[in-house]
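Please open the structure in your viewer and keep the selection panel at hand. The tour below moves from one selection to the next.

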Amino acid sequence: MKVAHPSNLEFQVLSILWASTGATVHDVWHQLPDGRPRAYTTVLAVLQKLEQKGHVRKKYQGRSNLYFAKKTRGVTVGRYLTDLVNQVFHGRPADLIEQILSRVTLTQGEAKAVAGMLRVPQGTHRASATQPNQTTMAVKKKAAAKKAAPAKKAAPAKKAASPAKKAPAKKAPAKKAAAKKAPAKKAAAKKASAKKASAKKK
């Protein structure tokens, strides 16, 4: 059986019951949040209606009845907000949040607390499932950029090493020139010894 959502006044009555361990009609009558004057019988009628809807139970205590909330605030308000998002905001919770924030003024501490609550953990519902994927892709891109940066810096080191390898190549021609000069000296020495030999024979 579907439980009907509370009205504005019924929510005010429930807020008192959620904050207490049981309250009489008189207690609720004096503690309504909006402070508007209402008849005792009006508050009694609201409590009786909440009991019929399944939101409240009562317990006899002496000459008075104690009223208790049957469900927690999180359960009751959660169901109400889910239906509100689906029926009024076309399934877009961000629109509901924007509407709420446009009607209230937050302190700096409250704004930080709300910002922390808006960090949706992974796997909570389908609408938030894309957020972790986008975050993961951004992290991967940053990691790839960091890996690419050292590779670019290493390139000049290779260029600097190349002249060192070419240096021996420049010395090689000098060795060849020396090798060419050596046979020339030997040939000259042979000619000189031949001349001396011929001179002695004469």
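For the first stop, Ala, Val, Leu, Ile, Met, Phe, Trp, Tyr, Cys and Pro count as nonpolar, Asp, Glu, Lys and Arg as charged, and the others, Gly among them, as polar. Keep in mind throughout that the model is predicted.

Begin by selecting Gly78, Leu81, Thr82, Val85, Pro93, Leu96 and Ile100, which line the second largest pocket, a pocket whose volume is about 200 Å³. Coloured by residue class, this lining divides into five nonpolar and two polar residues, with no charged ones. If you then show the secondary structure, helix 4 (73-88) and helix 5 (93-103) each supply at least two residues of the lining, and helix 4 gives the most, with four.

Next, select His90, which lies in the loop between helix 4 and helix 5. Most residues other than glycine have a negative phi. His90, however, has a positive phi of about 55° although it is not a glycine, and this residue is exposed, with a relative accessible area of 60%.

Now move to the largest nonpolar core, where, of 17 residues, Val13, Leu17, Val28, Leu32 and Leu47 touch the most other members. Two or more residues of this core come from each of helix 1 (8-18), helix 2 (25-31) and helix 3 (40-53), with helix 1 giving the most, seven residues.

Finally, centre the view on Leu47 and display its surroundings: leaving aside residues up to four places away in sequence, Leu47 touches Val13, Leu17, Val25, Val28, Val56 and Tyr67.

Definitions and conventions
Residues are numbered from 1 along each chain as its sequence is written. This is a predicted model: local features need pLDDT of at least 70, side-chain atom pairs count only at pLDDT 80 or more; totals for chains, interfaces and linings use all residues. Side-chain values use heavy atoms; hydrogens and water are left out. On a 1 Å grid over the protein atoms alone, a cavity is a set of points where a 1.4 Å probe fits but cannot get out, and a pocket is an open set with protein on both sides within 12 Å along at least five of seven lines; lining residues have an atom within 4 Å of a point. Grid points are joined across faces, edges and corners, and a volume is the space filled by probe spheres set on the points. Buried means under 20% relative accessible area, exposed over 50%, partly exposed in between (1.4 Å probe, protein chains only). A nonpolar core is a set of buried Ala, Val, Leu, Ile, Met, Phe, Trp, Tyr and Cys residues joined through side-chain atoms within 4.5 Å. Contact means heavy atoms within 4.5 Å.
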